[in-house]
Amino acid sequence: PQTFSLAQNYPNPFNASTTISFTLPRAGNARLEVYDARGRIVDIVADRFFRAGSHQVLWDASGVPSGTYVCRCLYSGYTRMGRMTVVK
């Protein structure tokens, strides 16, 4: 991949879990965070070293209530965000 990107999670909306996909142009540390509608951090889905290329991480949302959440992906000084909806 040529650029850093965060794809829309799938499925969305979802019930218990969803897959978050992102691509990295070079190997490095990436962090995936989930925030609630009030801006509070709900979960850190991943915080580790990833190789260059496409990646998928599963987020288990069984412990959070229905609502809209924001996934934030941080990599090498860049940030990408996406909206996710939990329906129970």
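**An aromatic cluster**

Select Phe14, Trp59 and Tyr69, which together form one aromatic cluster. The model is predicted, so local features need pLDDT of at least 70 and side-chain atom pairs count only at pLDDT 80 or more, while totals for chains, interfaces and linings use all residues. Residues are numbered from 1 along each chain as its sequence is written, and side-chain values use heavy atoms, with hydrogens and water left out.

A pair of aromatic rings is described by the distance of the centres and the angle of the planes. Rings of Phe, Tyr and Trp (for Trp, the six-membered ring) pair if their centres lie within 6.5 Å; planes under 30 degrees apart count as stacked, over 60 as edge-to-face and the rest as tilted. The structure holds four aromatic pairs. How are Phe14 and Trp59 arranged in their aromatic pair? They are edge-to-face, with 5.9 Å from centre to centre and 70° between the planes. This pair links distant parts of the chain: Phe14 is in the loop between strand E1 (5-6) and strand E2 (17-24), whereas Trp59 is in strand E5 (residues 53-60), 45 residues apart. Strands (E, at least two residues) and helices (H or I, at least four) are DSSP runs, numbered from the N terminus.

Both Phe14 and Trp59 are buried. Buried means under 20% relative accessible area, exposed means over 50%, and partly exposed lies in between (1.4 Å probe, protein chains only).

Next, select Phe22 and Phe50. This aromatic pair is edge-to-face, with 5.1 Å centre to centre and 90° between the planes. Phe22 lies in strand E2 and Phe50 in strand E4 (residues 41-50), so the pair ties together parts that are 28 residues apart in sequence. Phe22 and Phe50 are buried.

**The sheet of three strands**

Now display E1, E2 and E5. They form an open sheet of three strands in the order E1-E2-E5, with antiparallel pairing; two strands pair if DSSP finds at least two bridges between them. E1 and E5 stand at the edges with a single partner strand each, so one side of each is left without a neighbour in the sheet. E2 and E5 run antiparallel and are joined by eight bridges. Select Thr18 to find the residue that stands opposite Trp59 of E5.

**The sheet of four strands**

Turn to the open sheet of four strands, whose order is E4-E3-E6-E7 with antiparallel pairing. Which strands are at its edges? They are E4 and strand E7 (78-86), each of which pairs on one side only. From one strand to the next, the twist averages 15°; axes are lines fitted to C-alpha atoms, for helices over the stretch in contact, and angles run from 0 to 180 degrees between N-to-C directions. E3 and E4 pair in the antiparallel sense over eight bridges. Within this pairing, select Tyr35, whose bridge partner in E4 is Ile41.

**Salt bridges**

Select Arg31, Glu33, Asp47 and Arg72, which are linked in a network of salt bridges. A salt bridge is a side-chain nitrogen of Lys or Arg within 4 Å of a carboxyl oxygen of Asp or Glu. The whole structure contains four salt bridges.

Begin with Glu33, which is buried at a relative accessible area of 5%. Glu33 forms a salt bridge with Arg31, the closest N and O atoms being 2.5 Å apart. Arg31 is partly exposed, at 24% relative accessibility. Glu33 also forms a salt bridge with Arg72, where the closest N and O atoms are 3.1 Å apart. That pair links distant parts of the chain, with Glu33 in strand E3 (residues 28-35) and Arg72 in strand E6 (residues 67-75), 39 residues apart. Arg72 is partly exposed, with a relative accessible area of 25%.

Then select Arg40 and Asp36, whose side chains meet in a salt bridge (2.9 Å, N to O). Arg40 is partly exposed at 47% relative accessibility, whereas Asp36 is buried at 14% relative accessible area.

**Two cysteines**

A disulfide is a covalent bond between the sulfur atoms of two cysteines; here it is assigned to a pair of cysteine sulfur atoms within 2.5 Å. By this rule, the count is zero disulfides. Cys71 is buried, with a relative accessible area of 2%, and Cys73 is buried at 0% relative accessibility.
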